[in-house]
Amino acid sequence: MAQEPDLKVLLKNSPKNWGKWGPDDEVGSLNYLTPEVVVKAAGSIKSGKVFTLQVKMANPEGDPVWPGRQGATRINVMDAGHYHAGKGPLFAGGAEYADDYMTLFLQGSTQYDALGHVWYDHQIWNGYDSKTTIGGLSKASILPIAEKGVVGRGILLDIARFRGKEVLDVAETFTHEDLMACAKAQGCEIQKRDILIVRTGWIAKFYKVSREEFYGNFVEPGLTHSDALVNWFADMEIPNLVTDTIANEVTVDPVSGVVLPLHNALMRNLGVTLTEIAWLDDLAADCAKDGQYTFLYAAAPLKVVAGTGAPVNPIVIK
Ligand code: UVW
């Protein structure tokens, strides 16, 4: 059997943004989202229509997660039942309340990845030692991204609709050339520093088919690695890639056999932030109706200290 190449070999010609924003940087390509970019992005608001892009959490129907993770579990610790049983705390005036807690994988919902989430060759984003991840990320955690916030011009690239499909196939791939062709067919153009929001129909499929079918042959559709694609992301200064898949790229590179090479080429090397498991179907339906595929995108993951990622409910304003 052919041996898959090491990421060090596969990405030997891949560009890096390490040091570009100084030796202490922890937000990478989000630095491209300057105040000027934000002001310009606000000009994309035309009708005031608002969309939220998070999937439901702790959903009785299930939460789509990477194999091996579990969806969130929410548990009531106080409600009317406690009062009926005489166990609720009594407040002067008679107020009663419901309360709950939740356990979750920080990567187990619509989420931002911290730049230190995935690496190879003992170094994470900006060249920090991978040992900085031990026991919690002391470098390039989700916190600096959460503190900064993400605001810019978003562009929806509805690859599923572009290919005339409800959902892309298992392991189906596309490239940056396809993203550009999709934009053209939609009557728009990807501009420098755009936040790319790519729809494959994959997360919607999770709610429509059995778990056996969804996880049976788990190779998600998505962007596929090439040096040309990585150079395009670098030249276009893309700050953020948002998709309706669990891992933002075809799970296994069909050419090299390497798993998640773009997590490394884009996130570790270029500092592109990844947003996964986004709910894009309502936004996509509206874009198909009104023909407006560009808008203001705003998001801020939760401020989890040392986290590898954190849930987020991004907002789009058209
Ligand atoms: C893995 O951690 C494997 O992927 P993701 O970035 O989708 O959470």
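**Ground rules.** I number residues from 1 along each chain as its sequence is written, and side-chain values use heavy atoms, with hydrogens and water left out. Because the model is predicted, local features need pLDDT of at least 70 and side-chain atom pairs count only at pLDDT 80 or more, while totals for chains, interfaces and linings use all residues.

**Entry 1: salt bridges.** I looked up the total and found 16 salt bridges (a side-chain nitrogen of Lys or Arg within 4 Å of a carboxyl oxygen of Asp or Glu).

Arg153 and Asp194 meet through their side chains at 2.8 Å, N to O. Arg153 sits in strand β5 (residues 150-158) and Asp194 in the loop between α6 (176-186) and β7 (195-199), 41 residues apart. For these labels, helices (H or I, at least four residues) and strands (E, at least two) are DSSP runs, numbered from the N terminus. I noted Arg153 as buried at 14% relative accessibility and Asp194 as buried at 2%. The term buried means under 20% relative accessible area, exposed means over 50%, and partly exposed is in between (1.4 Å probe, protein chains only).

Asp158 and Arg199 form a salt bridge at 2.7 Å, N to O. Asp158 lies in β5 and Arg199 in β7, so this pair ties together parts 41 residues apart in sequence. I found both Asp158 and Arg199 buried.

Asp169 and Lys165 form a salt bridge with the closest N and O atoms 3.1 Å apart. Asp169 is partly exposed at 43%, and Lys165 is partly exposed at 29%. Shared partners join Arg163, Lys165, Asp169, Glu172 and Asp178 into one network of salt bridges.

**Entry 2: the sheet.** I read the strand order of an open, nine-stranded sheet with mixed pairing as β1-β13-β11-β5-β7-β9-β10-β4-β12. Two strands pair if DSSP finds at least two bridges between them. At the edges are β1 (50-52) and β12 (309-311), each pairing on one side only. Neighbouring strands are turned by 25 degrees against each other on average, direction ignored. Axes are lines fitted to C-alpha atoms, for helices over the stretch in contact, and angles run from 0 to 180 degrees between N-to-C directions.

I checked β4 (residues 111-113) against β12: they pair in the antiparallel sense over three bridges. Asp113 has Gly309 of β12 as its bridge partner.

**Entry 3: helices on the sheet.** Helix α6 packs on the sheet and touches β5 and β7, its direction making about 85 degrees with that of β5. Contact here means heavy atoms within 4.5 Å. Helix α10 (residues 261-270) lies across β4, β9 (240-243) and β10 (273-276), running at about 135 degrees to β10.
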